[in-house]
Amino acid sequence: MRKDVRILLVGEPKVGKTSLIMSLVSEEFPDEVPLRAEEITIPADVTPERVPTHIVDYSEAEQSDEQLYQEISKANVICIVYSVNNKKSIEKVTSHWIPLINDRTDKDSRVPLILVGNKSDLVEHSSMETILPIMNQYQDIETCVECSAKNLKNISELFYYAQKAVLHPTGPLYCPEQKELKPSCIKSLTRIFKVSDLDNDGILNDNELNFFQRTCFNTPLAPQALEDVKNVVRRNMADGVKDNGLSLKGFLFLHTLFIQRGRHETTWTVLRRFGYDDDLELTQEYLFPMIKMPPDCTTELNHNAYLFLQSVFDKHDKDRDCALSPDEVKDLFKVFPYMPWGPDVNHTVCTNEQGWITYQGYLSQWTLTTYLDVQRSLEYLGYLGYSIIYEQESQAAAITVTRNKRIDLQKKQTQRSVFRCNVLGGRGSGKSAFLQAFLGKNLQGQRRIREDHKSFYAISTTYVYGQEKYLLLHEVMPDFDFLSEADLACDVVCLVYDINNPGSFEYCAKVYKQYFIDSKTPCVVIAAKSDLHEVRQHHSLSPHEFCRKHKLHPPQPFTCSMAEAPNKDIYTRLTTMAMYPHMAQADLKNSTFWLRASVGATVFAVLGFAMYRALLKQR
C-alpha cells in the first residue's frame, strides 16, 4: 500500500475549497476564510486507513498556472469542488477542470477524481441529477459527495472517500460500463482462488474459506456467516456454489458484489495480502524478498519448503501415479505468468517410462533451482503462495543458507544436502552420457533425446552412510582456454575421457594440471565407454600412471551402453568425496571405505523406497 496520500482541491473561486479544509481541521466553520489554506498533514494514526494524508488547497488569486500544474502532477487524487447553488461552477467541471487535469496527467496513469458539491445548506434540492451524467461520461470520476462546510455535513466522509480513491481505486478492478470485473482483476483473483484451493478440486470448501478469511482478514467466519455468504451467491448465480463450496464463478461474483456496493477495500485487502500492487502486478518485495548470501555459501530448501512442495505435488498428481503428466504440470503452473520449466527439465531429473517427471524428479528440480538461482526459486515459491499458506513473512523462510565451505573443511563435517560435481572432458568423451546415466537412462534411451531438449545438468539423490543427499552434475563446455570461476567452483570434479579415442585423455591431463593440481577440490578420472576396446593414449603418461603420480584414485571404468539401467556406484563415490574432501587422498583409496559407503547407500535406498511407497499409500 502507498506510504502516504496527497489530496488536491481545485475549483472556481468562492466555491468553498478553503472552508472545507478549515472545517475539517478545526471541526467548526471559520469566521474568516483566507484566500488559500496552508498544506496540512493528517497523521497516520487518526486516519481510518492508517496512512499519512496531505491536503493541498489551490487559489487562483495566489497561485500561477505553473504552480497549479505542478500540484496536479504531484496529487494522488483531485477533488473538483463546485457550489450546488452555482450552475456556472458546475458547468466549469466539464468545460475547464476535467480537460485541464487530463491534459496534465499521463493517459495510462490517470489520477482519480472526486466531485464535491459544497454549500448543500443553501439549497433544498440535490445536484445529483446534473452530476450523474458527468460521472457516467468520465471513467476517472470515483464518486460524488455533497457536503456543507458550514454545517460540517459529510466533511470527514469527503476526505475518507478521497483517501479511499487512492488506496482502493476502482479503475484497475472494475468496468462500470460493462458492470463487470476487468480482465487483469479476474486473472489476479483466479490465481488467488487456485492458491487457496488447497485440494485442487475447483471448490473452496468451508475449511479453505475459513483459512482464506483468516489469512486476509485475521478472523475466521462464523458458521452462519459462511452460510449467508453462500446463500447470497446461490440466489444470484446457478453454479456459484457446488458441493456446498464456492466455485471460481461464485468467488468472482462475490468480489463484483463488494465493488458494486462500494466495498473496494475488501477486494484490495485480498489482492494486497497475496502480493499485488496498485497495477495488479505482484510486487518485487513479494516475489524477491531480501536474502543474505555470504561468499562460499550455498542455498538449499529447508524441511518446511519440502513439505510445502510435497503438498503442491499431491494437489496436482490427480491420478496418484507419483508422476506429473504434461497436463498436470500445466495445471500446476497455472498460477505462474509463464511456463517456468522447458523440455530440458525432463532430461535434468528422473522421469518414469513415459518421460513424465516423477515425485523424486520434481523435488530434485526444485533443489537444483534453489542451488543455482535462489532468486528464481523465491519467485516461483511466491507464485505458489508459500508465505501465505505457511503463514511466513516471506518465501525467504523456505531457504537455508549453508555455512562457509572453509568452516566445513576445518571442522571436517558438513550439514549441507546438495553437492555439486563439475564434469569436464573433451568433445565426444561421454560427458552427456555420464549425466543421463545418473538419471537411469542407458545409451539407447539417450539417443531418443532431441538436440534442443538436452540439458547440461543432472540432479538426483544418492545415499552416503544412510544419509540422503542430492548430487548435482554439471557438464562444463570443453573450452580449455577459458574456464570461469563458476566452471571451477564445485565440491568434486569428474575428468572424463574416452578409452577408445587416443587423443581424449590429453584434455583431462591439461585441465587437471592447470586448474586442479593445487586445489583442495577432490578429482576423479572417469574411463568412459569401458565396453569398447581400450587404446593407448597420446599423453606421455598412461591414465593409470598419471593418477598414481598425482595421488588420484585410479581411473573409474564406466559404460551405459548395456540394455539394463546403468550402475550408480560411481555417483555414490562422487557424493562421498564431496562430503569428505579431507579424506579424498587417504581413505578414499581404501576399498573398505567405499564398501561401507556403498552398502549404507544400498540399504537406505531400499528403506527409503519402502517408506516412500508407504507414504504414497497414506496419500
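**Burial, rings and contacts**

Biologist: At 0% relative accessibility, does Thr576 count as buried or exposed?

Modeller: This is a predicted model, with residues numbered from 1 along each chain as its sequence is written, and side-chain values use heavy atoms, without hydrogens or water. Local features need pLDDT of at least 70 and side-chain atom pairs 80 or more, while totals for chains, interfaces and linings use all residues. Relative accessible area (1.4 Å probe, protein chains only) makes a residue buried under 20%, exposed over 50% and partly exposed in between. Because its relative accessibility is 0%, Thr576 counts as buried.

Biologist: Which backbone oxygen lies 2.6 Å from a polar atom of the Thr576 side chain?

Modeller: Thr576 is part of helix 23, residues 569-579 (helices, H or I of at least four residues, and strands, E of at least two, are DSSP runs numbered from the N terminus). A polar contact is an N or O pair within 3.5 Å, one atom able to donate a hydrogen and the other to accept it, and residues adjacent in sequence count only if both atoms are side-chain atoms. At 2.6 Å from the Thr576 side chain, the backbone oxygen belongs to Thr572.

Biologist: How are the rings of Phe333 and Trp341 arranged?

Modeller: The structure holds 26 aromatic pairs (Phe, Tyr or Trp rings, the six-membered one for Trp, with centres within 6.5 Å; planes under 30 degrees apart are stacked, over 60 edge-to-face and the rest tilted). Phe333 and Trp341 have ring centres 5.0 Å apart and planes at 70°, so the pair is edge-to-face.

Biologist: Which aromatic cluster includes Phe333 and Trp341?

Modeller: Phe333 and Trp341 are both buried. Together with other aromatic residues they form one cluster, whose members are Phe313, Phe333, Phe336, Tyr338, Trp341, Tyr359, Tyr362, Trp366, Tyr380 and Tyr383.

Biologist: How far apart in sequence are the parts tied together by Phe434 and Phe558?

Modeller: The ring centres of Phe434 and Phe558 are 5.0 Å apart and their planes stand at 75°, so this pair is edge-to-face. Phe434 lies in helix 18 (residues 431-438) and Phe558 in strand 21 (residues 556-558), so the pair joins parts whose separation in residues is 124.

Biologist: Which residue takes a positive phi just after helix 18?

Modeller: Helix 18 is mostly covered, with seven of its eight residues buried. Among them are Ala433, Phe434 and Phe438. Just after the helix, a positive phi of about 90° is taken by Gly440.

Biologist: Which residue takes a positive phi just after helix 9?

Modeller: In helix 9, ten of the 13 residues are buried, and the helix is mostly covered. The buried set includes Phe251, Phe253, His255 and Phe258. A positive phi of about 80° follows the helix, at Gly262.

Biologist: Which residue caps the N-terminal end of helix 3?

Modeller: The buried residues of helix 3 include Ile90, Val93, Trp97 and Ile101. Those buried residues pack against several elements, including strand 1 (5-11), helix 2 (65-74) and strand 5 (113-118). At the N-terminal end, a side-chain oxygen lies 3.0 Å from the backbone nitrogen of Lys88, and the capping residue is Asn86.

Biologist: What distance separates the side chain of Ser148 from the backbone nitrogen of Asn151?

Modeller: Ser148 lies in the loop between strand 6 and helix 5 (155-167), and counts as buried at 0% relative accessibility. Its side chain reaches the backbone nitrogen of Lys150 at 3.3 Å. From a polar atom of the Ser148 side chain, the backbone nitrogen of Asn151 lies at 3.0 Å.

Biologist: Which residues does Ser148 touch, not counting those up to four places away in sequence?

Modeller: Contact means heavy atoms within 4.5 Å. Leaving out residues up to four places away in sequence, Ser148 touches Asn118, Lys119, Ser120, Asp121, Lys153 and Ile155.

Biologist: What distance separates the C-alpha atoms of Gly171 and Arg406?

Modeller: Gly171 lies in the loop between helix 5 and strand 7 (174-175), and at 33% relative accessibility Gly171 counts as partly exposed. Not counting residues up to four places away in sequence, Gly171 touches Glu142 and Lys182. Arg406 is 235 residues from Gly171 along the chain, and their C-alpha atoms are separated by 55 Å.
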